[in-house]
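Thanks for coming. I have one structure to go through today, and I will keep to what can be read from the atoms.

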Amino acid sequence: MTDLFVDNADRLRDDQVSTFDTVILKLARSVESAARAALSERLSDIANAPRTVVLDLANDADVSVAGPVLSRSVQVAEGELLRIAAERGQGHLQALSRRRSLSERVTDVLVARGDTEVLRTVAGNAGARLSPKGFDTLAVRAEADDALKAALTLRRDIPAHHMAHLVETARSRVTRKLGSEFGNEVAAMAVSRAARTLGGPSLSLQEAAVIVDAALRAGGADQPEEGELIAWLAEGRVMEALVGLARAAAMPPEMVLRAYQGAHSDPLLFLIRSLRYGWGTFKAFLQSKTDAEPSPEEWRGLFEAFQALSVTTAQRVVRFTAARDQLQKAG
C-alpha cells in the first residue's frame, strides 16, 4: 500500500490521498515498530504524505518511528511540534532540532528542555530561528561547552553582545593559560596581537556602542574608567575602547573613530590629553593600531609631544573641533 502511494503521490488528488490516509493508518497501527519506522522513513520527505498517518508516527513513543517525520516531514504542524517538544524525551527533541526550519516558539522549548546534544544541534542549525531568550540561554550554557560556543559563533544572526561575550570568554581563557606559563603581560600582548592579525575589530561601531552602554548601565556608571579602556585594548576590543573613549569625552563615537584612524596621531593625542588620561593610555591606543612597534626615537618624540601638550590647550582644541563638526553636519 505504501509503495502504491509513494509511486503515485505527485499525481494524487486530495480525496485520493485521504483514502490512502484511512487505509494506511489502520494497517500501520497493527504492525511492529520496525515496520512503522520504515514507513516513517518513506513518508518523511513526501510533501503530501497522509497527514493523519504522519501525525500518528510523530507521536510514537519509539524515537526510531517518530524521528524521521519529526526531522523532515512538512505535514507536522507547529502546534504538534510544540506539544511533542514539551512532552517527549531527548531523542524526540534531537529529531526536532534537525528540522530544516524551526520557529522561535519551538526553539525556545528545545533550548529550555534539551540536553547538551540538542542545544548543539539547535545552535548549528541555520534554519532554526532563535529568540533573544533562546540566545541568552545558549550563551550561558556555551560558557562551559566549547562545541556549543563554536556553533554559536558561526551563526549569522547572533546578537552582537553575545558574540562579543563569547569572544571575550575565549580570549580570557587563552590569556589565563598563557599567563600561567609566560606571565600576564606577555599573555595579554600575544592575545591582542593575535586578534588584530586575524582581522582586527570584529564589531561595528554601532554594535560596540550597544555592548559598552549595556555594560555601563549594569555597573551604574556614565562612562568607563581609564583602566577599563586599557584592558579592552589589551584584549583586542578596540571598537569598544573607542566607544568608551567617546562616552568619556561626551563626543560622537564616529568622531573618535576618525581621530583614531587618522594618518597622524595628533587628533588622538588631543582627545586623550583633554580627559587628563595618562601616557600609558595614549600609548595603548597607538599600539592597538598596528603590530609594527614604533622605533625608540619615535616613541620618545610621541612622549615629548604628550608631555608638552597642556590639558587646557587640548580641551580647547577638542571643543573647537567638536563644534566645527556639528556646524558642518548642520550645514
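Predicted model: local features only at pLDDT ≥ 70, side-chain atom pairs only at ≥ 80, totals over all residues.

Arg72 and Glu41 pair through their side chains, with an N to O distance of 2.5 Å.

The next one is Asp145 with Arg120, at 3.0 Å, N to O. Here again distant parts of the chain are linked, 25 residues apart: Asp145 is in the loop between α10 and α11, while Arg120 is in helix α9. Which of the two counts as buried? Asp145 does, because its relative accessibility is 9% and the cut-off for buried is under 20%. Arg120 is partly exposed, with 30%.

A third bridge is local. Asp146 and Lys149 lie in helix α11, 3 residues apart, which is about one turn of the helix. The closest N and O atoms of this pair are 3.9 Å apart, against a limit of 4 Å for a salt bridge. Asp146 is partly exposed at 46%, whereas Lys149, the lysine of the pair, is buried at 8%.

Finally on this topic, Arg29, Arg36, Asp56 and Asp60 form a linked network of salt bridges.

Now the overall build. The protein has 21 helices and 0 strands. Of its 331 residues, 42% count as buried. The accessible surface is about 17,400 Å², and carbon and sulfur atoms account for 55% of that. If you take contacts between residues at least 6 apart in sequence, 60% of them join residues at least 24 apart.

On to the inside. In soluble globular proteins, nonpolar side chains tend to be buried together. The largest nonpolar core in this model has 47 residues, and the members that touch the most others are Phe5, Leu43, Leu96, Leu110 and Leu138. Helix α2, residues 14–28, gives the most to this core, with 5 residues. Another core lies apart from it, with 37 residues, including Ala248, Ala249, Met251 and Leu268.

What does Phe5 contact, leaving aside neighbours within four places in sequence? The list is Leu12, Val17, Phe20, Ile24, Leu43, Ile46, Asn48, Ala49 and Pro50.

Last, some loop residues. Most residues other than glycine have a negative phi. Ala250 has a positive one, about 55°, and is in the loop between α16 and α17. Ala250 is exposed, at 70% relative accessible area. Arg276 also has a positive phi, near 65°. Its place is the loop between α18 and α19, and Arg276 counts as exposed at 60%.

Ser131 is in a loop as well, between α9 and α10. Is Ser131 buried or exposed? Ser131 is buried, with a relative accessible area of 6%. Beyond its neighbours within four places in sequence, Ser131 is in contact with Glu104 and Asp108.

That is what I had.

Methods: Residues numbered from 1 in each chain as written. Heavy atoms only, no water. Helix = DSSP H or I, 4+ residues; strand = E, 2+ residues; numbered from the N terminus. Buried < 20%, exposed > 50% of the residue type's maximum accessible area, 1.4 Å probe, protein only. Contact = heavy atoms within 4.5 Å. Areas by Shrake-Rupley, 256 points an atom, 1.4 Å probe, with all protein chains shown as cover. Core = buried A, V, L, I, M, F, W, Y, C linked by side-chain atoms within 4.5 Å.
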